[in-house]
2 protein chains.
Amino acid sequence: MSILVVGSVAYDTVETPFGKADHVLGGSASFFSVAASFFVPVNLVGVVGEDFGEEQLKAFRGREIDLEGLERVPGKTFHWAGKYSFDLNARETICTELNVFETFKPKIPARYRRSEHVFLGNIDPVLQRQVLDQVERPKLVACDTMNFWISGQPDELRKTLSRVDVLLINDAEARQLSGEWNMVKAARAIRAMGPRVLVVKKGEHGVLMFTEDASFAAPAYPLEEVFDPTGAGDTFAGGFLGCLASQAGGGTRDRADGAALRRAVIMGSTLASFCVEAFSLDRLTRLTRAEIDARFQLFKELTHFESL
Amino acid sequence: MSILVVGSVAYDTVETPFGKADHVLGGSASFFSVAASFFVPVNLVGVVGEDFGEEQLKAFRGREIDLEGLERVPGKTFHWAGKYSFDLNARETICTELNVFETFKPKIPARYRRSEHVFLGNIDPVLQRQVLDQVERPKLVACDTMNFWISGQPDELRKTLSRVDVLLINDAEARQLSGEWNMVKAARAIRAMGPRVLVVKKGEHGVLMFTEDASFAAPAYPLEEVFDPTGAGDTFAGGFLGCLASQAGGGTRDRADGAALRRAVIMGSTLASFCVEAFSLDRLTRLTRAEIDARFQLFKELTHFESL
């Protein structure tokens with residue numbers, strides 16, 4: 001039982017109304033791996049430059065995160081810099097220096113090829129398919145994407161989506177991908193492209209999940225201090241897929257999985273609620289399983305009501 | 001057991017991407033009364049002009065809605081005209097003709113003065129207090145307001161809020177009233193102004209309720225066709241307060257009321273989800289209690305998850 005994740009490992013420079021963090025650990029695979037590693041072993045595939053050393057790897061050490069697939073190549077590590085608006089609801093990209101990530105070709109180590117669960121982080125849909133070509137029939141494939149690929153590589157993205165079980169995107173992306181404003185219609189259109197499960201992330205407004213036979217709505221945890229939203233989506237994905245993989249069944253093939261999927265959404269929301277409490281992976285790396293379970297339970301109290 | 005509602009009874013002219021309705025029944029007290037009347041008798045206080053007759057009153061007839069408090073005076077009925085954006089998330093007011101509503105002074109009939117529950121629709125906070133001065137110690141006072149009063153009559157609004165148990169406003173209004181962007185902080189600031197319960201309506205993103213000892217989050221029902229959002233907030237309030245009044249206890253004075261308040265939020269969301277399916281009160285007036293109960297149950301399926 002393990003998860004293969006392919007995505008970016010990066011340096012982030014982030015400015016929020018509450019402070020600035022310069023060249024701190026970021027990237028979709030980083031947030032995903034640490035979040036998922038609370039539940040099952042993670043196999044990480046990504047690339048970093050010569051400027052990425054043992055100090056930066058600390059976040060992954062002492063966890064069930066296998067780093068054989070994290071290539072280190074000549075050049076500099078991917079660097080993203082962004083600045084958030086006063087309300088944290090909008091962000092401006094200051095710079096995107098792809099560096100070694102520009103020529104990234106995912107190579108899946110032999111040991112990883114039987115990973116039962118695969119998460120395709122937000123990279124070129126052509127590369128996402130190359131990952132799938134290198135693995136043996138996983139039980140479940142989950143995938144992220146973004147506006148850049150939706151508008152720039154629509155045909156390649158469609159080919160990838162036809163091989164995906166769970167798509168995790170935000171509400172703006174769901175509307176763009178489907179061409180439908182209404183989320184119920186958007187979900188139907190996207191599920192017809194391949195994914196049996198669509199998870200729509202709405203930031204402070206929570207998550208909607210659409211499956212064959214039901215919809216599920218989960219709120220975001222109402223936090224008094226949101227410090228930095230960077231990585232919340234990938235952290236959600238890590239908590240979601242980690243939780244799903246750790247549960248008996250853990251796939252989406254049969255109806256019984258509805259309950260597992262719902263718990264996974266709440267677990268993703270739980271992990272994401274911690275992620276935003278500090279810069280980078282600072283909160284996630286000092287998180288305990290007891291804290292996770294306590295907040296999961298708070299979601300129960302937050303949403304519970306009795307029938308009439 | 002009855003609810004006193006004071007608010008507008010109006011003609012609405014509404015344009016949405018799906019059609020236009022000219023001079024149809026609208027107004028906060030109209031939507032509220034029909035929604036609440038599914039649960040308890042409603043005493044309606046408002047004013048209409050000579051252009052408002054039996055045809056328009058049809059929506060209220062055959063229901064537990066007492067119209068003794070609906071004054072008919074010389075002049076024309078309040079008329080509002082608005083146009084919604086393609087996504088229904090923004091609306092532009094085309095005209096606001098207050099007409100007879102401009103000089104409205106709520107007169108509470110003697111029979112209404114012992115109403116146990118009071119809903120103060122979105123009117124001048126000075127008038128809202130005049131209503132409270134005319135009633136005998138209600139068990140629970142709920143109140144709506146808007147940006148116009150928050151910025152234009154802040155001191156009067158504060159005086160009214162100090163006498164209110166439940167405030168129902170939208171997220172933008174909560175932020176404006178409190179001066180806090182973060183909703184947890186906004187809720188604390190607003191509850192310190194008087195209301196023990198704050199209900200924040202977020203449209204398609206659902207509702208957050210803040211009480212002394214807990215927060216509660218409810219999604220909006222994911223509808224495939226949202227036709228006209230006009231009146232959804234007042235319909236929510238009607239379902240909320242109607243459900244609350246119909247439950248044993250039904251107040252907010254003791255801790256046991258937490259469960260009743262949560263059910264009331266879901267019932268408000270249920271009624272609002274029907275309201276937006278058609279223009280004016282068209283859907284509400286042909287709604288059955290069986291349909292209401294079935295959709296309430298769908299909210300359970302929409303939000304339910306099991307513990308780990």
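1. Basis of the note. The model is predicted: local features need pLDDT of at least 70, side-chain atom pairs count only at pLDDT 80 or more, and totals for chains, interfaces and linings use all residues. Residues are numbered from 1 along each chain as its sequence is written, chains are lettered from A and ligands numbered from 1 in the order in which they are written, and side-chain values use heavy atoms, with hydrogens and water left out.

2. The interface. Chain A gives 41 residues to the contact and chain B gives 41 residues, where contact means heavy atoms within 4.5 Å. The same surface serves both copies, since 100% of the contact residues of chain A recur in chain B. About 3700 Å² is buried between chain A and chain B, and carbon and sulfur atoms give 55% of this area. Buried area is the accessible area (1.4 Å probe) that two parts lose on being put together, summed over both. Which residues of chain A lose the most area to chain B? They are Glu224(A), Phe305(A) and Leu308(A), together 21% of what that side buries.

3. The sheet of chain A. Four strands form an open sheet in the order E3-E2-E7-E8 (chain A), with mixed pairing. At its edges are strand E3 (19–26) and strand E8 (91–97) of chain A, each of which pairs on one side only. From one strand to the next the twist averages 15 degrees. Strand E2 (residues 10–16) of chain A pairs with E3(A) in the antiparallel sense over six bridges, and Tyr11(A) stands opposite Leu25(A) in E3(A). Helices (H or I, at least four residues) and strands (E, at least two) are DSSP runs, numbered from the N terminus; two strands pair if DSSP finds at least two bridges between them.

4. The sheet of chain B. Chain B also has an open sheet of four strands, in the order E3-E2-E7-E8 and with mixed pairing. Here strand E2 (residues 10–16) of chain B and strand E7 (residues 79–84) of chain B run parallel and are joined by five bridges. Asp12(B) stands opposite Trp80(B) in E7(B).

5. Helix H1 in chain A. Helix H1 (residues 28–36) of chain A lies across E2 and E3 of chain A, at about 80 degrees to E3(A). H1(A) also packs on helix H8 (residues 232–246) of chain A at an angle of about 35 degrees, with axes 7 Å apart. Axes are lines fitted to C-alpha atoms, for helices over the stretch in contact, and angles run from 0 to 180 degrees between N-to-C directions. The crossing of H1(A) and H8(A) is right-handed, that is, the near helix is turned clockwise from the far one by less than a right angle.

6. Residues between the helices. Among those that make the contact are Phe31(A) and Phe32(A) of H1(A) and Gly238(A), Leu241(A) and Gly242(A) of H8(A). By class, the contact of H1(A) with H8(A) has six nonpolar, five polar and one charged residues. Ala, Val, Leu, Ile, Met, Phe, Trp, Tyr, Cys and Pro count as nonpolar, Asp, Glu, Lys and Arg as charged, and the others, Gly among them, as polar.
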